[in-house]
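This report describes selected features of one protein chain. Please read it alongside the sequence and the three-dimensional view.

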Amino acid sequence: MGISDLRVGLIGHSHAVCLLDALGNWRDQAGLSTAAQDRRYSEAFRGWFDVDLGGNAFTLAVGRTSFRAPAELVTCLLTAKASGDLIQSRDIGGLKQVRATPLFARCVEQLRNIDIVVSALHGNEAANVSLIDNHPSYDFAPYDDNDALRLTPPPSQPIDRRHIARWVDSFAQPAILSVTALQQSLPSTRVVHVLPPPPLEDPSQVMRREVLETLLAHHGFVRPSLRLKWSLAYRARVQTALEAQGIQVMEVPHAALTAGGFLRKDLSEGLTHGNGHYGAMIWEALDRLVGSAQ
Amino acid sequence: MNPYQDLPPQQFWRTQISTPGLSEIDYDAGRKFTFDISADRFATAGSCFSQHFGRELARRGGRLVATEVRHPLVRPAPNDGYDLFSARYGNIYTTRQLCELIDQAFGLREPIFEFAQRGDGRWTDLLRPRTVGEGFTSFQEARADRLYHLNRVRAIFDTATVFVFTLGLTECWENTEKGFVYPLCPGTVEGTFDANVHRFRNLGYEECRDDLRNFCGRVRSVNPRLRVLLTVSPVMLVASYERRGALQSSIASKSILRAAADACCSELESVDYFPSFEIISGPQSQGMFYETNHRDVNGAGVSLVMDVFFRSRLGLARSSPGAPAPGIQPGQRQAEEAARIAAALQAECDEMFLDPGLRAR
């Protein structure tokens with residue numbers, strides 16, 4: 001049994017776009033194709049900032065693909081225009097209380113009676129700190145002599161991992177809480193969370209710099225090794241937290257990486273996303289994951 | 001006719017000290033140079049008393065050199081060692097500690113990696129054991145941070161025009177194997193005392209003088225504009241390892257440091273002395289600027305020292321900037337200020353760790 005034999009749902013923010021692009025034309029169905037093109041973004045994100053899908057799912061009948069794909073995909077896409085958060089948390093008597101918002105509840109309702117829900121929720125929370133070089137020079141302090149990514153020498157300041165962990169935790173919380181709430185809302189459904197791709201090694205050639213255009217023009221890019229460290233730390237934090245709750249996590253396919261661990265340029269879309277080819281690799285990996293679990 | 005006839009009034013005890021009121025005394029008579037608060041850039045180092053120079057300078061609009069500051073990604077924590085001095089070296093009590101730090105920072109000797117693992121698994125740099133309160137996650141991080149620290153110490157001398165150093169102690173403990181001194185005896189705060197390696201040392205006059213000479217030579221070689229202002233801390237020793245009373249050791253120590261500072265001022269045009277020690281401990285003060293333990297300087301004493309400094313060296317009026325808050329009387333404000341300074345003194349003088357009686361409190 002593979003992914004094509006299952007009823008599959010998809011819920012996600014911008015990292016869901018590559019998964020949809022891998023399956024063919026979906027924008028008509030989502031109502032995004034007629035929206036104006038924001039010049040900061042590539043065609044892949046047409047309408048992303050203008051259209052609020054309101055938590056309404058659309059069903060995509062998937063045509064012929066070169067890889068094993070779901071026959072039909074129920075998709076709940078949360079564009080940048082989507083109104084409101086998925087999760088609200090507040091402190092009550094010193095305890096953190098988390099609850100789903102009406103938007104999230106609406107999405108979840110449409111994903112019932114599905115075998116497997118693929119989550120591409122969040123994933124860009126560390127984008128600002130990991131891309132924009134607007135801090136005094138720093139690096140992650142080394143754990144030991146075996147750190148694969150070398151420490152940048154002074155005057156770069158080594159930052160204790162405790163402080164890094166606090167930041168990573170704050171970036172990872174939205175994904176951890178949302179995916180946890182998703183699994184708890186759909187207890188009999190298998191949820192697989194797809195981690196965002198690693199950064200490009202050289203993003204300087206990316207012309208469409210999304211909402212970061214002005215800041216990047218002013219400050220420039222963080223150096224590659226540090227961008228990768230943030231990405232690795234974020235992905236590890238989300239993966240550890242979700243797996244601890246029994247939620248499966250889809251790692252970045254090894255074939256999508258350069259020798260240095262960055263995203264291959266031919267698989268990228270803009271500064272932080274994968275493209276349709278990358279999405280196809282994710283579907284292939286999901287198919288293997290589903291198959292191996294039988 | 002005799003050589004004393006034409007001397008200015010401040011060179012006579014009667015006219016400098018006996019006649020004027022305490023606040024009118026020209027304590028700083030004979031100063032070599034003054035500073036420009038808007039143009040000069042001050043770096044500070046030394047014992048706990050010297051922290052007030054930096055704090056007050058900043059409060060009164062002075063330009064402080066700060067080359068090692070809390071990174072925006074780092075959340076402030078108690079005893080994190082930032083905002084005390086120009087770099088995160090913590091208290092530098094002895095001339096030898098200063099010289100060894102500068103030698104490391106200038107690449108004249110190998111960096112000293114002397115770390116100890118704490119009970120909680122984190123690591124402490126024994127050359128600044130209380131400065132990085134939360135310690136380091138790993139030995140490698142402690143090592144990386146020390147290299148960064150030395151880089152930042154070196155950077156002080158790229159921009160500073162004045163280096164204020166408060167001499168504190170002559171007594172120290174050295175590592176005989178590796179040839180360096182500690183700011184605090186190993187085992188008192190962190191680390192383990194090893195009688196085979198750790199040896200008591202009390203620096204003599206020549207050693208202190210030579211250390212100061214060496215320091216001045218090194219820093220002036222990279223920054224010829226730099227002027228050095230020496231001062232001796234009036235805070236007495238918490239404990240002495242010499243077989244004599246803490247009082248005798250305190251006076252011996254301060255005398256040696258004062259003499260070494262005097263020698264350097266006489267020899268070197270770029271070095272001057274500011275009389276913090278004399279203002280607080282001179283007989284004219286009748287001990288009123290010491291706390292009831294007769295060791296720590298009280299807030300009023302610190303205020304007076306700072307007022308004299310700003311008036312004499314920066315030409316600033318003694319009052320603090322800003323009008324008193326409504327309903328607060330000037331006297332009340334002064335008392336609050338004194339209390340604030342006294343609290344800061346108490347909190348940051350880590351030499352107290354030498355006395356088990358104080359430590360237990």
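## Terms and basis

Axes are lines fitted to C-alpha atoms, for helices over the stretch in contact, and angles run from 0 to 180 degrees between N-to-C directions. Helices (H or I, at least four residues) and strands (E, at least two) are DSSP runs, numbered from the N terminus.

This is a predicted model, in which local features need pLDDT of at least 70 and side-chain atom pairs count only at pLDDT 80 or more, while totals for chains, interfaces and linings use all residues. Residues are numbered from 1 along each chain as its sequence is written, and chains are lettered from A and ligands numbered from 1 in the order in which they are written.

## The sheet

Chain A holds an open sheet of 6 strands with mixed pairing, in the order β2-β3-β1-β6-β9-β10; two strands pair if DSSP finds at least two bridges between them. Its edge strands, β2 and β10 (248-250) of chain A, each pair on one side only. On average, neighbouring strands of this sheet are turned by 25° against each other, direction ignored.

Strand β9 (residues 190-194) of chain A pairs with β10(A) in the parallel sense over 3 bridges. In this region, A:His193 stands opposite A:Val249 of β10(A).

## The helix across the sheet

Helix α5 (residues 161-185) of chain A lies across β1 (8-12), β6 (116-120) and β9 of chain A. Its direction is at about 165° to β9(A).

## A residue in strand β2

A:Leu60 belongs to strand β2 (residues 58-61) of chain A. A:Leu60 is buried because 21 other C-beta atoms lie within 10 Å; the term requires 20 or more, against 12 or fewer for exposed and partly exposed in between, with C-beta atoms placed from the backbone.

Leaving aside residues up to four places away in sequence, A:Leu60 touches residues including A:Leu23, A:Trp26 and A:Leu73, contact meaning C-beta atoms, placed from the backbone, within 7 Å. The C-alpha atoms of A:Leu60 and A:Trp26 are separated by 6.7 Å, although the two are 34 residues apart along the chain.

Note on methods: Two residues are in contact if their C-beta atoms, placed from the backbone, lie within 7 Å.
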